Amino acid sequence: MSTEPSLDLPPAQQARSRLTQQRILEAGTALLEEGGTEALTVAAVAARAGVSVGSVYRRFGDKDRLMAALQRDMIDQFRDDIIRRFPPLRTDPAALVASAVAGLTETYQAHQRLMRVFLAAGATDSAVARVGSEAAIDAARVFRQFLEPMVQMIDAPEPEVRVDVVYRLIYGTCQNRVLYGELFESDQSLTWRQLTDELVNVACLYLLGMPAQ
């Protein structure tokens with residue numbers, strides 16, 4: 001189902017339709033962050049957005065389609081955020097690795113409340129899990145592309161595999177923290193900043209054979 005306004009609408013109506021659509025997405029996001037999937041109903045979204053129930057149905061259909069639209073919206077924002085956090089390419093390989101690692105961990109931290117909802121939903125909903133997997137694989141491509149200038153500096157038979165392993169390490173660590181909290185697997189407390197710094201050191205040692213500067 002398309003959520004785009006009809007192309008033959010007058011400009012003023014198109015603008016209002018886009019604004020209504022955005023209000024519905026924002027309302028749905030807020031409800032998911034506050035109460036999880038159980039809080040997300042078409043009626044609750046309509047009330048929160050200040051629109052009619054019919055307006056939500058016309059744009060997004062039932063709850064499942066609305067949930068899918070909210071997941072896609074979060075993924076789009078997550079991807080844009082990763083790219084924004086990756087600064088212009090640097091020549092220093094350690095600095096490049098540090099930027100890539102921090103770009104991922106900081107983005108996970110920024111989106112952790114909503115991501116927790118979709119991670120939990122993906123455990124029982126194959127459609128949510130499939131879209132989440134597609135997004136994770138796309139993030140891996142962005143990560144690898146950012147680190148491509150320093151791959152030739154990795155002293156290993158398959159340097160691309162090492163970059164992929166670093167991504168998997170960061171991905172798994174961040175997702176575990178988002179889903180279960182910082183003390184689930186260890187009683188050693190680490191802030192997001194401390195965790196990022198340690199992951200940067202691990203990545204630099206594994207990829208470059210030296211700690212971060």
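This is a predicted model: local features need pLDDT of at least 70, side-chain atom pairs count only at pLDDT 80 or more; totals for chains, interfaces and linings use all residues.
I take helices (H or I, at least four residues) and strands (E, at least two) as DSSP runs, numbered from the N terminus. I numbered residues from 1 along each chain as its sequence is written, and side-chain values use heavy atoms, with hydrogens and water left out.

**Entry 1: pockets**

I searched a 1 Å grid over the protein atoms alone; a pocket is an open set of points where a 1.4 Å probe fits, with protein on both sides within 12 Å along at least five of seven lines, and lining residues have an atom within 4 Å of a point. A volume is the space filled by probe spheres set on the points, which are joined across faces, edges and corners.

I found that the largest pocket has a volume of about 320 Å³. Its lining holds 22 residues, and Leu119, Gly132, Ala135, Ala136 and Gln175 lie nearest its centre. Helices H4 (63-85), H6 (112-122), H7 and H8 (159-180) each give two or more residues to this lining; the largest share, nine residues, is from H7. I sorted the lining into 15 nonpolar, five polar and two charged residues, where Ala, Val, Leu, Ile, Met, Phe, Trp, Tyr, Cys and Pro count as nonpolar, Asp, Glu, Lys and Arg as charged, and the others, Gly among them, as polar.

The second largest pocket has a volume of about 280 Å³. Of its 13 lining residues, Asp64, Met67, Ala68, Asp125 and Val128 are the closest to its centre. Here H4 supplies the largest share, six residues, and the lining divides into six nonpolar, two polar and five charged residues.

**Entry 2: aromatic pairs**

I paired rings of Phe, Tyr and Trp (its six-membered ring) with centres within 6.5 Å, calling planes under 30 degrees apart stacked, over 60 edge-to-face and the rest tilted. The whole structure gave five aromatic pairs. Phe78 and Tyr108 are edge-to-face, at 5.1 Å centre to centre and 70 degrees between the planes. Phe78 lies in helix H4 and Tyr108 in helix H5 (residues 93-110), so this pair ties together parts 30 residues apart in sequence.

Phe143 and Tyr167 form a tilted pair, 5.7 Å centre to centre with 50 degrees between the planes. Both residues are buried.

Terms used:
Buried means under 20% relative accessible area, exposed over 50%, partly exposed in between (1.4 Å probe, protein chains only).
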